[in-house]
Amino acid sequence: MRLLVVGAGATGGYFGGRLAAAGRDVTFLIRPKRAAEIAKNGFVIADPKGETRIEPKIVTADALRGSYDLVLMSVKAYSLLAAMDDIAPVIGPDTLILPVLNGLKHFDMLSERFGAERVIGSFCKINARLDDHGRIIQMSPLHDLIYGEYDGRRSPRIEAIDAFFKGAGFDARLSDDIGRELWEKWVLLATLGAATCLMRGTVGDIVARPGGRAFIEALLGEVTAVATAHGKAPDPTYLETTRQLLTTPDSPMTASMYRDLIKGLPVENDEIIDDLLARAASVGVKTPYFHLAAIHLGIYAAKRRSE
């Protein structure tokens, strides 16, 4: 199987790098700036056990040729349109696309452009970042890649993908209910993003204030109601674990959207917050707290565009 990883940041670089280190056929499609950074400092994954240095196959969009069996889409949502244009010439008759972006909107976009039959349900769980030298820093042991057919079938193509990912240095799992699990991740991500961005603080900061815990639980209730109305009610055990995670005193946890916000970078408010509001409206679920977060982040995004 030939894999094209679109993006070599913290997420795509981590999973693609682990696969390359395990001997899989991996090529990274990257921007010239990232290519220059890798040429200067190398391609390095650092975890608590040490560093893994990789000699990756890299290509820029202007030099992309041939076709690939699988495309791992790992870009920020606001870069997806450009990335789809980049990969279009190498999508062959049997190419499959496995995206690990946030939210669900990207599945609609990829399906409309390339056909729903090509797009595999998938997401990841990882806490990683790029340091000032472009090294990929794994900040916790969590490094899960989850994928599956929407109807739960163990099809030959999903089993081939599963075999390709297994034993590559991260936790790969074939899901029998990928649709529900995608919504579960959105429940966590949207609640965490809305809370930390709106309140400009960590989970611990929010919980420490009078009414802070109740605020987070209200947000969690809103997005859970949206998922349930769409027929994807979170598993009760998962929901309770999420509630505990989001209300832990002194927790330093924040959303990546919040970390981008405080750095003055673009944020994925459209995909994580606004799209959720649109789906809530489509099923008649009221989400007043999420509307506040949407207004807050919408003002930030508009100011960035005007600068």
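**Reading the model**

Analyst: Contact means heavy atoms within 4.5 Å. Leaving aside neighbours within four places in sequence, Thr254 is in contact with Leu192, Thr196, Gly201, Thr202 and Arg259. This is a predicted model: local features need pLDDT of at least 70, side-chain atom pairs count only at pLDDT 80 or more, and totals for chains, interfaces and linings use all residues. Residues are numbered from 1 along each chain as its sequence is written, and side-chain values use heavy atoms, with hydrogens and water left out.

User: Does Thr254 count as buried or exposed, and where is its place?

Analyst: Buried means under 20% relative accessible area, exposed over 50%, partly exposed in between (1.4 Å probe, protein chains only). Thr254 has 15% relative accessibility, so it counts as buried. Its place is in the loop between α9 (236–246) and α10 (256–262); helices (H or I, at least four residues) and strands (E, at least two) are DSSP runs, numbered from the N terminus.

User: Which strand pairs with β6 in the parallel sense over five bridges?

Analyst: Two strands pair if DSSP finds at least two bridges between them. Strand β7 (residues 91–99) is that partner of β6, and Leu72 stands opposite Leu98 in β7. Strand β1 (residues 2–6) also runs parallel to β6, joined by four bridges, with Val5 partnered by Leu72.

User: What is the count of disulfides?

Analyst: A disulfide is a covalent bond between the sulfur atoms of two cysteines; the rule here is a pair of cysteine sulfur atoms within 2.5 Å. The count is zero. The sulfur of Cys124 is 18 Å from the closest cysteine sulfur, in Cys197, too far for a bond.
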